[in-house]
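Student: I've just opened this one. Can you walk me through it?
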Amino acid sequence: MSAVDPVSGQPPAPWYRPVSLADALSARARWRKDIVAIAGCTDLMVGWNAGARRLPPVLDLSALAELRSIEAGPDSVTIGATASCASIARHPVIAGRLPMLVASARQTGSVAIQNRATLGGNIMNASPAADNPPVLLAYGARLTLASVRGIRTIDYASFHAGYKRTLAEGDELLVSVTVPFPAERVTAYYRKVGTRRAQAISKIAMAALIERDDGAGPAVVRNASFGFASVGPVPLPAPSLSRSLRGLPLSGIDRAQVERALAADLAPLDDIRSTAAYRRSVAVNLVLAAIDAAREAAPRG
Ligand SMILES: Cc1cc2nc3c(=O)[nH]c(=O)nc-3n(C[C@H](O)[C@H](O)[C@H](O)COP(=O)(O)OP(=O)(O)OC[C@H]3O[C@@H](n4cnc5c(N)ncnc54)[C@H](O)[C@@H]3O)c2cc1C
């Protein structure tokens with residue numbers, strides 16, 4: 001009896017499930033992008049289901065224990081690329097130190113999706129609307145990529161090269177994501193705006209990390225970092241906004257100032273989910289809400 005692919009009626013393509021990273025990288029080196037890495041498969045299955053074609057050769061990462069672990073250190077947590085959103089959301093150190101990551105993992109589809117969806121898949125799928133990337137940008141995450149040529153790390157903020165394109169080479173796999181713990185006196189603010197409160201692709205999402213300086217006078221912004229989804233071809237940091245806020249008193253930042261800075265950072269489009277004008281306006285509201293939250297958290301002098 002010969003097995004056939006149920007979609008194409010042809011013999012099934014190879015399905016390779018290595019048990020060591022070294023073997024996985026050898027397969028990647030040999031086949032490069034002709035072999036499709038799969039983790040939770042929640043993005044890939046949708047694509048495969050949409051077109052009745054033969055499945056490609058598959059490099060199944062699910063047996064690689066070293067890619068699934070979550071290791072907390074003194075200054076950061078390193079999350080394996082195939083750690084699921086569910087395991088991230090219930091990790092005690094992440095819950096204590098990186099609350100925005102818990103929030104974004106819990107916003108990633110339904111509970112059933114979160115049980116399968118991986119952080120690495122969310123990043124490598126490279127959707128500008130994905131929920132975890134804004135948080136990774138605001139926290140200043142770094143990625144570790146590996147190939148048979150070696151290991152390298154890269155700032156997540158420079159990883160997306162264009163719509164659905166990343167700087168990962170054809171023979172590389174994403175191994176882990178390292179997220180530094182924020183400084184003290186920070187306020188973290190994350191909000192996803194969609195058609196519904198759950199199970200909706202965002203119209204816009206924003207993560208902000210605002211660090212205060214509580215010197216003698218009114219609290220000022222020491223540092224601010226941001227990440228946005230659905231306002232450009234890639235998940236976007238907002239470097240102009242960060243620069244423009246540094247050193248300003250939290251109580252003296254007005255809408256026009258935020259609007260001007262964001263105009264340089266964001267490139268929203270009209271699309272099926274929303275309009276560019278709505279996205280620009282909500283982006284400003286979200287930044288102002290984050291600043292309000294930081295001001296509320298400051299000690300009253
Ligand atoms: C019903 C439904 C609802 C969803 N809702 C949301 C949502 O609300 N928010 C959201 O952000 N996403 C959502 N998604 C999308 C998806 O669940 C997430 O993007 C998820 O994190 C993808 O992870 P995965 O492990 O399933 O990826 P996969 O489908 O396994 O892979 C995705 C891509 O990443 C590549 N890849 C995976 N791991 C690696 C690796 N280690 N190295 C190199 N390449 C790799 C794959 O080759 C593929 O190109 C939803 C999907 C469905 C089906």
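Student: Which residues are closest to the ligand, and how many surround the ligand?
Tutor: The ligand is surrounded by 27 residues. The closest are Ala37, Thr42, Asp43, Thr118 and Asp131. A residue is near a molecule if one of its heavy atoms lies within 4 Å of it.

Student: Before we go on, what sort of model is this?
Tutor: This is a predicted model: local features need pLDDT of at least 70, side-chain atom pairs count only at pLDDT 80 or more, and totals for chains, interfaces and linings use all residues. Residues are numbered from 1 along each chain as its sequence is written, and side-chain values use heavy atoms, with hydrogens and water left out.

Student: Back to the ligand. How far is the polar side-chain atom of Thr42 from an oxygen atom of the ligand?
Tutor: That distance is 2.6 Å. For Thr118, a polar side-chain atom also lies 2.6 Å from a ligand oxygen atom. Lys192 has a side-chain N or O atom 3.3 Å from an oxygen atom of the ligand. A polar contact here is a pair of N or O atoms within 3.5 Å; within protein, one must be able to donate a hydrogen and the other to accept it, and residues adjacent in sequence count only if both atoms are side-chain atoms.

Student: How much of the ligand does the protein cover?
Tutor: On its own the ligand has 990 Å² of accessible area, and the protein covers 84% of that. Areas come from the Shrake-Rupley method with a 1.4 Å probe; for residues, only the protein chains shown count as cover.

Student: Lys192 again. What is its bridge partner in β12?
Tutor: Ala205. Eight bridges join β11 to β12 (residues 204-213), and the two run antiparallel. Strands are DSSP runs (E, at least two residues), as are helices (H or I, at least four), numbered from the N terminus. Two strands pair if DSSP finds at least two bridges between them.

Student: What order do the strands of that open sheet take?
Tutor: The order is β11-β12-β13, with antiparallel pairing. β11 (186-193) and β13 (220-229) are the edge strands, each pairing on one side only.

Student: New topic. Is β10 mostly covered or uncovered?
Tutor: Mostly covered: six of the eight residues in β10 (173-180) are buried. Buried means under 20% relative accessible area, exposed over 50%, partly exposed in between (1.4 Å probe, protein chains only).

Student: How many bridges join β5 to β10?
Tutor: Five, and β5 (residues 76-80) runs antiparallel to β10. Ser76 stands opposite Pro180. Five bridges also join β6 (residues 142-147) to β10, again antiparallel. There, Leu145 has Leu174 as its bridge partner.
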